[in-house]
Structure formats: C-alpha cells, structure tokens
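Colleague: I would like to learn how to read this model. Where do we begin?

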Amino acid sequence: MNTQATEAINKVLSGAKNLDDASIELMKAGIQITDQIWSALQDAENNYRKRTRGLQVGDTINIIGKNGNEDFSGNFRGWVSDGMMVVVYDGGKQMILSMNDIRK
C-alpha cells in the first residue's frame, strides 16, 4: 500500500474525511483503489463511527480469540441487562461478550 493510500486511511480513521471523499481523492491522484485499499478505508470508517457514536446493531466487531484460537469477527446485536453484548457470528451462532472480549 502506498503512502497516499495510508494517509487517506488515517484521515478517515481520524474523521477528517469520509470513505467516499478519501476514495475520490485517491482516484484523482491516479491511485487505483484495490480491494485491499477499499477494505482498509471501510474498516477505518467503521472504527471511526464506532468510536464517535458507540456500537449500533449490525456493526462488525473483531472478537479476541481465546485458548490459542484466532481472532474472528461478528455482528453486534444489542446489549443485555448486565452490560454484556450479544454478538452473532459464523452463520447465526450467538454469544454473549463483555467489552474486554473485543478488539478496539
């Protein structure tokens, strides 16, 4: 990934630009938006939104793997009364997690 793409991703992550504006800026600079760059821009915008507005239903979150298992992702579905969250992963399986179980 080149320097301009990295700078655009950092701008999206900081909230200085949104996903669309950053991608247009890169295209105007003659940089091809690869799948890797597009995915990184999307992740940056999602992370910025989660930080500024909190988790909302449908947000993708990264879950820390336990007992030597790899990290994986799931979709946030809501909060339960004790402050834990419901996450759906792997084709419909549900789990209850705390904020300590997710990657920031």
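Modeller: With strand pairing. Two strands pair if DSSP finds at least two bridges between them. This is a predicted model. Here, four bridges join E2 to strand E3 (residues 85-89). E2 and E3 run antiparallel.

Colleague: In E3, which residue is the bridge partner of Phe-76?

Modeller: Val-87 is that partner.

Colleague: How many residues lie between the strands in the hairpin of E2 and E3?

Modeller: Five. Within that hairpin, Gly-83 takes a positive phi near 90 degrees.

Colleague: Which strand do four bridges join to E2 (residues 72-79) on the E1 side of the story?

Modeller: E1 itself, and the two run antiparallel. Asn-62 stands opposite Ser-73 in E2.

Colleague: Is Asp-59 buried or exposed?

Modeller: Buried means under 20% relative accessible area. Asp-59 has 11% relative accessibility, so Asp-59 counts as buried. Its place is the loop between helix H3 (35-53) and strand E1 (60-63).

Colleague: What does Asp-59 touch, leaving aside neighbours within four places in sequence?

Modeller: Lys-50, Arg-53, Gly-54, Gly-74, Asn-75 and Phe-76.

How values were computed: Residues numbered from 1 in each chain as written. Predicted model: local features only at pLDDT ≥ 70, side-chain atom pairs only at ≥ 80, totals over all residues. Heavy atoms only, no water. Buried < 20%, exposed > 50% of the residue type's maximum accessible area, 1.4 Å probe, protein only. Contact = heavy atoms within 4.5 Å.
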